[in-house]
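This report describes the nonpolar core, a helix pair and a loop residue. Please consult the sequence and structure below while reading.

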Amino acid sequence: MNIALWVGQVLLAAIFALSGALKSTMSRQRMLETGQTGAAAYPLPVVRFTAICELFAVVGLILPVLLGVAPVLTGWAAMGLAVVMVGAMAMHSRLAVVQHKTAEWRNVGINGLILAVCVFVAVGRL
């Protein structure tokens, strides 16, 4: 079980490190060009704040368990990312329904898979 949790943590850390780094540095136009459609739904400061939170969560996914210092923080980091994924699923669903962008349903599915990994890590580490 510990190995499966570590695989989930590393997978989440990689996904959110990339996501956070891109969203914290790219312009809104560049995010949209690269397929990050969620950037259009929120003001840029909200996107940047979310990106910074994702980067802090990446540290929280790995370091507490690795160092053996307050390992419960890893579960809370995963729980925070689960909340981000629920918001992402809601936003992509809204884009799919309101703006008739059926391609957004793929993003909802991907967000759902990431949410499942977040919940797995959170439950396993809390």
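Which residues have the most contacts inside the largest nonpolar core?

## Basis of the model

The model is predicted: local features need pLDDT of at least 70, side-chain atom pairs count only at pLDDT 80 or more, and totals for chains, interfaces and linings use all residues. Residues are numbered from 1 along each chain as its sequence is written, and side-chain values use heavy atoms, with hydrogens and water left out.

## Nonpolar core

Leu-12, Phe-16, Leu-61, Leu-81, Met-85, Ile-114 and Cys-118 have the most contacts inside the largest nonpolar core, which has 17 residues. At least two core residues come from each of helix H1 (2-25), H3, helix H4 (72-98) and helix H5 (104-125), and H4 gives the most, with six. Helices are DSSP runs (H or I, at least four residues), numbered from the N terminus. A nonpolar core is a set of buried Ala, Val, Leu, Ile, Met, Phe, Trp, Tyr and Cys residues joined through side-chain atoms within 4.5 Å; buried means under 20% relative accessible area (1.4 Å probe, protein chains only).

Beyond its neighbours within four places in sequence, Phe-16 is in contact (heavy atoms within 4.5 Å) with Glu-54, Leu-55, Val-58, Leu-81, Met-85, Ile-114 and Cys-118.

## Helices H1 and H3

The axes of H1 and H3 (lines fitted to C-alpha atoms over the stretch in contact, with angles from 0 to 180 degrees between N-to-C directions) come within 8 Å and cross at roughly 150°. The two helices are therefore roughly antiparallel (over 145 degrees).

## Thr-37

Thr-37 lies in the loop between helix H2 (28-33) and helix H3 (44-67). Apart from residues up to four places away in sequence, Thr-37 touches Leu-32, His-92, Leu-95, Glu-104 and Asn-107.

Definitions and conventions:
Buried < 20%, exposed > 50% of the residue type's maximum accessible area, 1.4 Å probe, protein only. Parallel < 35°, antiparallel > 145°, perpendicular 65-115°, else oblique.
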